[in-house]
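Welcome, and thanks for opening the viewer. Let's take a short walk, one selection at a time.

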There are 2 protein chains.
Amino acid sequence: MVKTQITAEPGTSQIIIEREFDAPRDLVFRAYTDPELLVQWMGPRDLTMKIEEFDVRDGGKWRYISTDADGNDYGFHGVFHGTPSPDATVQTFEFEGVPGHVALEKLTLEERDGRTHVRTVSSFQSVEDRDGMVASGMERGVRDSDERLEELLARLQND
Amino acid sequence: MVKTQITAEPGTSQIIIEREFDAPRDLVFRAYTDPELLVQWMGPRDLTMKIEEFDVRDGGKWRYISTDADGNDYGFHGVFHGTPSPDATVQTFEFEGVPGHVALEKLTLEERDGRTHVRTVSSFQSVEDRDGMVASGMERGVRDSDERLEELLARLQND
């Protein structure tokens with residue numbers, strides 16, 4: 001199985017996340033932009049995700065809340081910048097637990113022999129913000145999400 | 001006269017702009033957030049600025065167009081992230097001539113003995129994007145803007 005690669009070069013303010021999925025690009029794009037699909041894979045397995053708003057267009061806003069087993073809520077929101085497409089989806093990303101710390105995310109999907117290479121570059125406002133995100137345990141969330149996305153893409157193709 | 005300091009450390013994706021103004025912090029904040037004042041100082045002296053939208057609140061959008069002597073238009077737009085305040089105003093920034101290249105700007109105003117220290121940190125999505133902005137001649141625009149802001153602040157305090 002292809003694993004997720006997470007890169008956070010020392011001294012930079014970026015996190016680069018890459019993984020290949022055994023699915024065509026349009027289906028992967030749909031899994032990222034259709035809220036009914038997104039809710040099935042985004043986030044760690046032991047949290048429940050509820051999408052409050054998800055307006056996939058230039059200037060459109062999104063917001064979702066993750067709830068853990070003890071009922072604690074974690075809110076996230078952002079704004080799409082430019083029209084989302086498989087070539088590039090650019091959005092801001094804020095965790096509401098630390099207001100004022102905004103990141104810019106760029107998602108690109110590239111098809112290679114029927115498989116899709118997914119690359120996300122998250123640019124933070126400082127090295128400290130970036131290091132804080134790495135220290136928050138984001139890696140578990142990313143790996144869980146990618147495994148769940150892989151399972152969802154397999155289900156969607158076998159249906 | 002205090003000059004503007006522009007810092008772009010090699011290998012990073014940031015530009016840091018700093019300058020002190022002989023004016024109280026609230027007045028400087030008003031010059032940045034009241035469109036009727038902003039239009040009087042933002043941009044190079046030989047361009048005319050027209051503000052299309054300027055919604056100073058969390059999630060609010062702004063857009064302005066700069067027109068040069070030959071009638072060429074240059075559009076810029078962005079979105080405020082968080083409620084703008086003298087402590088921190090965070091916004092995205094896009095030049096419409098190169099769509100998809102988004103920067104995050106954080107403006108902080110600090111009062112020191114009746115003067116105001118203004119610091120803007122622009123975080124780009126890559127070192128290349130940052131270097132492209134430096135190469136675009138932004139320095140002239142920044143220095144012109146800061147001189148014009150200094151003149152405006154003096155006028156507002158002498159009225």
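This is a predicted model: local features need pLDDT of at least 70, side-chain atom pairs count only at pLDDT 80 or more; totals for chains, interfaces and linings use all residues.

**A first stop: helix H1 of chain B**

Which residues of H1(B) are buried? Colour Leu27(B), Val28(B), Phe29(B), Ala31(B), Tyr32(B) and Thr33(B), and you have them.

**H1 against H4 in chain B**

Show the side chains where the two helices touch. From H1(B) come Leu27(B), Val28(B), Ala31(B) and Tyr32(B), which meet Leu149(B), Leu153(B), Leu156(B) and Gln157(B) of H4(B). Seven residues of this contact are nonpolar, one is polar and none is charged.

**Over to chain A**

Next, select H1 (residues 25–33) and H4 (residues 138–158) of chain A. Their axes come within 11 Å and cross at roughly 120°, which makes H1(A) oblique to H4(A). This crossing is right-handed. Display Leu27(A), Val28(A), Ala31(A) and Tyr32(A) on H1(A), then Leu149(A), Leu153(A), Leu156(A) and Gln157(A) on H4(A), to see the residues that make the contact. They divide into seven nonpolar, one polar and no charged.

**A serine in strand S8**

Stay in chain A and pick Ser122(A), in strand S8 (residues 115–123). Is Ser122(A) buried or exposed? Its relative accessible area is 6%, so Ser122(A) is buried. Setting aside neighbours within four places in sequence, Ser122(A) is in contact with Ser13(A), Gln14(A), Ile15(A), Leu104(A) and Glu105(A).

**Where the chains meet**

Finally, show both chains together. How many residues does each chain bring to the contact? Chain A gives 18 residues and chain B gives 18 residues. About 1500 Å² is buried between chain A and chain B, with carbon and sulfur atoms giving 53% of that area. To finish, highlight His81(A), Leu104(A) and Gln125(A): these supply 37% of the area that chain A buries against chain B, more than any other three residues.

Definitions and conventions. Residues are numbered from 1 along each chain as its sequence is written. Chains are lettered from A and ligands numbered from 1 in the order in which they are written. Side-chain values use heavy atoms; hydrogens and water are left out. Contact means heavy atoms within 4.5 Å. Helices (H or I, at least four residues) and strands (E, at least two) are DSSP runs, numbered from the N terminus. Ala, Val, Leu, Ile, Met, Phe, Trp, Tyr, Cys and Pro count as nonpolar, Asp, Glu, Lys and Arg as charged, and the others, Gly among them, as polar. Buried means under 20% relative accessible area, exposed over 50%, partly exposed in between (1.4 Å probe, protein chains only). Buried area is the accessible area (1.4 Å probe) that two parts lose on being put together, summed over both. Axes are lines fitted to C-alpha atoms, for helices over the stretch in contact, and angles run from 0 to 180 degrees between N-to-C directions. Angles under 35 degrees count as roughly parallel, over 145 as roughly antiparallel, 65 to 115 as roughly perpendicular and the rest as oblique. A crossing is left-handed if the near helix is turned anticlockwise from the far one by less than a right angle, and right-handed if clockwise.
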